[in-house]
Amino acid sequence: METLEEQFLAYQAVLDWMDIFAIAFAIFFIGDCLFDFCFKRRPGWKETFANGFIFLVNAGLDVLGFGLLFILGLVIFEPLAVFDIPKSWWYWPLTLLAADLSYYWMHRLEHEIRLFWAVHVVHHSSPEFNTSTAFRLSWVESLYEWIFLVPMILLGFGVVETLIAILIVIQYQSWIHTEKIGRLGFLDKIFNTPSAHRVHHGSTPDCIDKNYGGILMLWDHLFGTYQSEPEKNIYGITTPLGTSNPFTINFAEFGAIGRDVIRLKGMKNKLLALFGRPGATEQKENSQ
Amino acid sequence: MRTQKGWILGFLGLIGVVKLPDIMYAVTGFGPWTDLVHLLWFLWFLNFIPDFDQGEA
């Protein structure tokens, strides 16, 4: 039996192209920053530096083995696979499709369950929307996100193939955090384009909880969460953080949940504060 | 925000991404420096930049 390392090496060409895509995005990121600096297009640079700092800490955590959790978590479930999917020509398209669907539901639950939102809000709390937003990902995401890939492993997809597919889905999304690319016609309805993703980062009622897709917008059309881009958009969250402190950005919502759990009376209310929709507690209190 | 008329031509910039390995070899000295000319493909991406209305960021 091949080791995981040998299995990864079998896909070296794919990994090489992912490196090339990363370099292309780095060029885009530098160009975006230079453009905004020269033409004074950013209100300030605090958010960009905060995003950069968050990214560097994430890179450090990966070195420390946080990324390995993803692999270990999935390897445990591999022997429990129900099917043995043959590696025919349709294997990779199916793996990518399954990874994209898994990503859709992971992303949707991260928006609709407050405990997960406390993690994912890091990516949404910036009032700015530019290429550096792609770097703004929570420090604790990799502790649990692998759980959403377990169904794929149980269905019989390989651990390595699943990991590569989800990495492709995640890496695809690096270029869509920008206002420098306008609407792309019919493509905005099929793929997660910058226009489709600007809607996802909007904080107005018509944009909230919309366009969860990773690569394809198909899932949003299927499950009723698709929204085309409005003329005006306000980025960020409904209650702005008001700080660019990376530690506050990462843990503020956890603090808010903790305060609500202590403050609220009754197990039902405490559970609502933890697992209800973000804002459900306030909504309930206001209606009483 | 209005998309440029020739936005579809922006996709020609992807040729620059395909040529990126050659560009990297040229930058690191392992390939002919003339391959740097492929950087010009990236200019096609400028077709994607929308026209912003007055007052927009």
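Let's start with A:His107, which counts as buried because its relative accessibility is 1%; buried here means under 20% relative accessible area, exposed means over 50%, and partly exposed lies in between, using a 1.4 Å probe and protein chains only. This is a predicted model, where local features need pLDDT of at least 70, side-chain atom pairs count only at pLDDT 80 or more, and totals for chains, interfaces and linings use all residues. Side-chain values use heavy atoms, with hydrogens and water left out, residues are numbered from 1 along each chain as its sequence is written, and chains are lettered from A and ligands numbered from 1 in the order in which they are written.

So where is A:His107 found? Look at helix H5 of chain A; helices are DSSP runs of H or I with at least four residues, strands are runs of E with at least two, and both are numbered from the N terminus. Setting aside neighbours within four places in sequence, A:His107 is in contact with A:His120, A:His124, A:His200 and A:Tyr212, contact being heavy atoms within 4.5 Å.

Now to the helix partner. H5(A) packs against helix H6 of chain A, residues 114-124, at an angle of about 100 degrees, with the axes 6 Å apart. That makes the two helices H5(A) and H6(A) roughly perpendicular. Axes are lines fitted to C-alpha atoms, for helices over the stretch in contact, and angles run from 0 to 180 degrees between N-to-C directions. Under 35 degrees counts as roughly parallel, over 145 as roughly antiparallel, 65 to 115 as roughly perpendicular, and the rest as oblique. Among the H5(A) residues that meet H6(A) are A:His107 and A:Leu109, and the H6(A) side includes A:Phe116 and A:Trp117.

A second pair is helix H3 (residues 46-63) and helix H12 (residues 246-263), both of chain A, whose axes come within 8 Å and cross at roughly 75 degrees. H3(A) and H12(A) are therefore roughly perpendicular too. Here A:Ala50, A:Phe53 and A:Ile54 in H3(A) meet A:Pro246, A:Phe247, A:Ile249 and A:Asn250 in H12(A).

Finally, the two chains. How many residues of chain A are in contact with chain B? There are 17, and they touch 15 residues of chain B. About 1500 Å² is buried between chain A and chain B, with carbon and sulfur atoms giving 71%; buried area is the accessible area (1.4 Å probe) that two parts lose on being put together, summed over both. A:Arg41, A:Glu179 and A:Arg183 supply 26% of the area that chain A buries against chain B, more than any other three residues.
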